[in-house]
Amino acid sequence: MNAKGLPEGGTCSSEEERPRHVFHPAGGLHHAWEKRASGFCIYNDSAVAIAHLLQATEAKVVYIDFDAHHGDGVQQAFYDEPRVMTVSLHETGRYLFPGTGDVLEVGNGPGRGYAVNVPLEPFTEDDSYSEVMNSLLPALVLSFAPDVIVSVHGCDTHAWDPLTHLHLSMRGIQAQMRIAHHLAHTYCQGRWVALGGGGYDLYRVVPRAWSMLWAEMSEQPLPAHLPEEWITRWRPAWLAVAEQEAGEEQVMGKVAAQADFPTTFEDRPEVFPAQPRRLSISHTNRRTAALVRQLLVPPSVRHAFPSARRQSPMTGMFDLLHPRGSETPSRSKILETHKGPLLLRDFCPPSLVERLIPDSGLRAFARLPEREHQLLLTIAKSPDCALTLAHTPAGEMVGEVTLAFADDWWEGLENVYEVTIEVSANWRGLGIGYTLLAFALELDTLEDMILFAMGLSWHWDTEGLGITPQRYRELIARLFASQGFVEQATTEPNISMEPANILLVRVGKHVDQHMANQFFSRILNSPNLSRW
Ligand SMILES: [Zn+2]
Ligand SMILES: [Zn+2]
């Protein structure tokens with residue numbers, strides 16, 4: 001047991017220890033509310049299990065809901081609970097029960113920022129689903145730093161499911177379990193509770209999906225073919241259902257009984273030809289994921305986990321300024337403080353970051369100093385990012401500024417870069433932030449760029465500071481104003497949905513007017529607003 005009352009260990013399971021992974025296929029009744037049953041669910045076993053963990057231990061829990069329907073009951077149960085992050089990937093509520101699960105449902109009070117909703121377009125297929133999932137889950141789990149993962153594996157996301165419009169094959173469903181398993185081992189010492197959930201193609205999808213999940217958890221190889229005995233037993237039952245449906249042309253927009261009974265775990269690709277609107281569906285899903293990233297993933301974590309499609313037109317520019325791996329040293333400067341001298345260095349190469357260690361107070365974004373170190377190392381390795389550090393002569397990092405190509409949300413705009421800054425809680429009030437930011441942004445090359453810094457109140461770790469988000473907002477505004485940043489009014493829901501949120505922008509001296517106009521027109525006419 002560790003200090004939080006949780007068992008330690010990192011393996012899937014072992015003889016002597018209790019297993020690290022638990023599977024309850026009959027669970028995952030995610031729609032039930034505290035005082036009412038809903039959507040085939042009488043009791044919400046997921047919520048009860050999480051509530052038990054909160055009572056019995058000091059653990060933080062991330063709940064990941066892969067069912068095609070929004071996990072409304074679990075979200076509601078922990079909507080103002082900062083120890084639980086609920087993440088639901090589901091078909092948009094525009095057409096499907098229970099109708100909730102909008103991106104802007106982000107939690108309430110102390111739980112603000114810890115409810116994550118990813119509403120996907122009807123007829124979303126494997127590749128788009130995986131792209132969205134991969135661009136969000138690792139970054140969210142790293143930044144929340146949970147101790148346990150509870151996941152719901154409703155397999156009604158499958159193209160054959162009669163109740164929903166998502167269009168995954170077994171490949172997409174397998175990707176869900178693999179990422180949950182990977183995240184459990186990477187961030188939670190293997191602690192993983194997997195639950196069943198929905199799934200209404202009882203013969204062709206549910207048995208395959210949950211056998212696959214069990215094989216994933218217990219690390220057993222899947223056979224090339226489904227057992228002959230099983231096919232012989234269940235194929236007639238499915239045929240009877242298919243015959244009943246033969247008179248109906250479509251069920252929920254899907255052609256009824258369109259395929260054979262499967263004989264393998266994998267779906268044959270020819271059974272699922274590309275959906276007619278594949279491109280526009282993928283595009284809309286990508287915009288949704290971009291908004292979720294912008295809203296709920298802290299900026300430097302976004303920089304360390306760029307989405308796959310993000311490509312800076314200025315890739316290589318940072319390398320030109322300071323060739324990595326060469327002997328060209330970073331620029332450096334000495335800053336004298338009451339606590340001793342600090343060394344400031346820009347364009348820090350990974351080899352330098354590896355040699356340094358983070359001060360215990362440097363953990364606003366990754367919550368644990370060792371993960372913050374990993375994060376900074378990843379940022380240092382990225383060709384799209386520049387990392388400026390303040391460290392002690394002994395090698396303790398106490399402050400960082402990252403400069404990174406703007407995330408997917410700013411797609412279509414050129415030369416837009418995001419700036420973030422963090423100073424260790426143990427080194428605040430010494431003026432380090434001002435000097436470090438000035439040092440990081442003083443190169444003339446940066447005058448070709450539009451720089452912005454975004455402050456969302458739920459990203460700010462203001463508890464330890466003993467100040468309100470509003471006060472913190474003032475401090476950030478003043479800090480960035482010292483480097484020519486101006487607060488901008490915007491219709492971006494990121495900013496406009498909370499009084500303490502802020503967008504600060506500096507348009508470089510060499511930026512042409514057309515580019516600047518394009519940027520300002522975007523932040524004042526958010527294409528996103530028309531969708532909500
Ligand atoms: Zn495992
Ligand atoms: Zn469902």
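Which strand is T86 found in? T86 is found in strand β3, residues 84-91. I'll come back to that residue, but hello everyone, and let me first say what we are looking at.

This is a predicted model, where local features need pLDDT of at least 70, side-chain atom pairs count only at pLDDT 80 or more, and totals for chains, interfaces and linings use all residues. Residues are numbered from 1 along each chain as its sequence is written, chains are lettered from A and ligands numbered from 1 in the order in which they are written, and side-chain values use heavy atoms, with hydrogens and water left out.

Now the overall picture. The chain has 532 residues, and 56% of them are buried; buried means under 20% relative accessible area, exposed means over 50%, and partly exposed is in between, with a 1.4 Å probe and protein chains only. Its secondary structure comes to 15 helices and 17 strands, where helices (H or I, at least four residues) and strands (E, at least two) are DSSP runs numbered from the N terminus. The accessible surface is about 22700 Å², and carbon and sulfur atoms supply 54% of that; these areas come from the Shrake-Rupley method with a 1.4 Å probe, and for residues only the protein chains shown count as cover. A contact means heavy atoms within 4.5 Å. Among the chain's contacts with a separation of 6 or more, 74% are between residues 24 or more positions apart.

On to the metal. Which residues are the protein donors of the zinc ion, ligand 2? They are D67 (OD), H69 (ND1) and D156 (OD), lying 1.9 to 2.1 Å from the zinc ion. Donors here are N, O and S atoms within 2.8 Å of the metal (3.2 Å for Na, K and Ca), and water is not among the atoms, so sites may look incomplete. In sequence, the spacing of the donor residues reads D-x1-H-x86-D. H69 sits in the loop between β2 (61-65) and α2 (72-77), while D156 sits in the loop between β5 (148-152) and α4 (170-187), so this pair ties together parts that are 87 residues apart in sequence. Both H69 and D156 are buried.

Next, the charged pairs. How many salt bridges does a search of the whole structure find? The search finds 19, a salt bridge being a side-chain nitrogen of Lys or Arg within 4 Å of a carboxyl oxygen of Asp or Glu. Let me show you three of them.

One joins R278 and E125, with the closest N and O atoms 2.9 Å apart. R278 is in helix α7 (residues 278-296) and E125 is in the loop between β4 (115-120) and α3 (126-144), so parts 153 residues apart in sequence are tied together. R278 is partly exposed at 39% relative accessibility, whereas E125 is buried at 10%.

Another joins R171 and D126, whose closest N and O atoms are 3.7 Å apart. R171 lies in helix α4 and D126 in helix α3, so the pair links parts that are 45 residues apart in sequence. R171 is exposed, at 52% relative accessible area, but D126 is buried, at 7%. There is also a network of salt bridges here, linking D126, D127 and R171.

Then we have E442 and R331, whose side chains meet at 2.6 Å, N to O. E442 is in the loop between α12 (432-440) and β15 (450-455), and R331 is in the loop between α9 (317-321) and β9 (332-337), so this pair ties together parts 111 residues apart in sequence. E442 is partly exposed, with 47% relative accessible area, and R331 is partly exposed too, with 22%.

Now have a look at the strands. Strand β6 (residues 192-195) pairs in the parallel sense with β1 (residues 21-24) over 4 bridges, and β5 and β6 also pair in the parallel sense over 4 bridges; pairing requires DSSP to find at least two bridges between two strands. W192 in β6 is the bridge partner of H21, and W192 is the bridge partner of I149 as well. From β5 the chain crosses through α4 to β6, in a right-handed β-α-β crossover. Right-handed means that, with the strands pointing away from the viewer, the path from the first strand over the helix to the second runs clockwise.

T86, from my opening, is buried at 4% relative accessibility. Beyond its neighbours within four places in sequence, T86 is in contact with residues including Y63, V74 and Y114. L120 is in strand β4 and is buried at 0% relative accessibility. Leaving out residues up to four places away in sequence, L120 touches H90, Y129 and N285, among others.
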